[in-house]
Amino acid sequence: MNLFNRMIKNMGREVGLLVTLFLLVAVFAIIDPIYLSPANLLDIVDQSTINGLLAIGITFVIITGGIDLSIGSIMAIVIVSVGWFLTKSGMNPVLAIILGIMLGALIGAFNGLLVTKFKLQPFIATLATMSIFRGVAYIITKGWPVLNIPQNFRNMMDGDLVGDFPISIPILLAFAVISHVILKKTRTGTFIFSIGGNEEATRLSGINVDFTKVVTYALCGVGAALAGMVMLARLGTGEPAAGQSYELYAIAAAAIGGTSLAGGKGSIIGTLLGALILSALKTGLVVVGVDSFWQYIATGAIIAVAAYFEVVQSKISGFGKRLLGKI
């Protein structure tokens, strides 16, 4: 019974998100029954893959109390670089994917070094690299898109696995499972939560805080690289302008999923559900004919509500602890 109670307590936030997702789907299905068609539901999941990959990566950074505003620009560098590998040098797609992941990790680690070794605030450091990385993407292609991406690469990153089931979904799930294991089952994951909870105490306890932070930014870069390659396969061209504003949706998905923007709290499952809720909302607004401009307003409003909910939850939790302490 105790184990069951702990499971309910640990999964409480995720269960609430799942209920929210079902309610959202139900509301849009009532407005327009086509929303509930299998093809549309599969499309909602498929459309959440790019945001989901980005959101999972940035969840690591946010739990440490940091932020990464450059993930859209990291996507752009990976997109044009992998596109160049494939079309200009005729590289094997598998090797190009591996190099793309390594490039994303390397760029992410560079952000981590700016934060840890040069003591820049994460917001300022990644705001600067957001512009720098975007410029690099334009320099690589001289402003032109990389055309004629090979079909075999497109099939690997965004083809159909079985029937109409897109392979991008298993890619998202594989990254989610690996990330969940890192966060919940490894010492690195414990250190990440500890840094977000109290960085100075973590440092005094002998943990290499700087190294752990660099690892989180590298993992964030890997998520951006995977998202970029899915986008490259989906579009069939390597656009240096790709990925703009995607950091907004990634942060929103993590925040909706319960990752505290103050650090110390978060889960991969919650982030996945947050990405699905955003995708369901965006698709629903399209189905019911809401102007695309309002989707930005809806996304921003959701971030504000999620952040406010976090504040309220913290106050309730604090009140509960004080009350129990007096009993």
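**Exercise 1. Work out which element gives the largest share of the lining of the second largest pocket, and describe that pocket.**

Step 1. Start with the share: α13 supplies 6 residues of the lining, the largest contribution. Helices here are DSSP runs of H or I with at least four residues, strands are E runs of at least two, and both are numbered from the N terminus.

Step 2. On a 1 Å grid over the protein atoms alone, a pocket is an open set of points where a 1.4 Å probe fits, with protein on both sides within 12 Å along at least five of seven lines; lining residues have an atom within 4 Å of a point. This is a predicted model, where local features need pLDDT of at least 70 and side-chain atom pairs count only at pLDDT 80 or more, while totals for chains, interfaces and linings use all residues. Numbering runs from 1 along each chain as its sequence is written, and side-chain values use heavy atoms, with hydrogens and water left out.

Step 3. List the lining. There are 20 residues, with Gln47, Asn51, Tyr246, Tyr249 and Lys282 nearest the centre. Elements giving two or more residues are α3 (38-63), α11, α12 (246-256), α13 (268-287) and α14 (292-326).

Step 4. Sort by type: 8 nonpolar, 9 polar and 3 charged.

**Exercise 2. Find the residues with the most contacts inside the largest nonpolar core, then look around Phe153.**

Step 1. The core is a set of buried Ala, Val, Leu, Ile, Met, Phe, Trp, Tyr and Cys residues joined through side-chain atoms within 4.5 Å. Buried means under 20% relative accessible area, with a 1.4 Å probe and protein chains only.

Step 2. The largest core holds 80 residues, and Leu54, Ile58, Val82, Phe153, Met157 and Met229 have the most contacts inside it. Helix α11 (residues 209-235) brings 13 residues, the largest share of this core.

Step 3. Skip neighbours within four places in sequence, and Phe153 is in contact (heavy atoms within 4.5 Å) with Val82, Leu86, Pro93, Ile97, Met229, Leu232 and Ala233.

**Exercise 3. Decide whether Thr126 is buried or exposed, and name its contacts.**

Step 1. Thr126 sits in helix α6 (residues 122-141).

Step 2. Thr126 counts as buried because its relative accessibility is 0%.

Step 3. Beyond four places in sequence, Thr126 touches Ile67, Asp68, Leu69, Ser70, Asn111 and Tyr217.

How values were computed: Buried < 20%, exposed > 50% of the residue type's maximum accessible area, 1.4 Å probe, protein only. Nonpolar A, V, L, I, M, F, W, Y, C, P; charged D, E, K, R; others polar.
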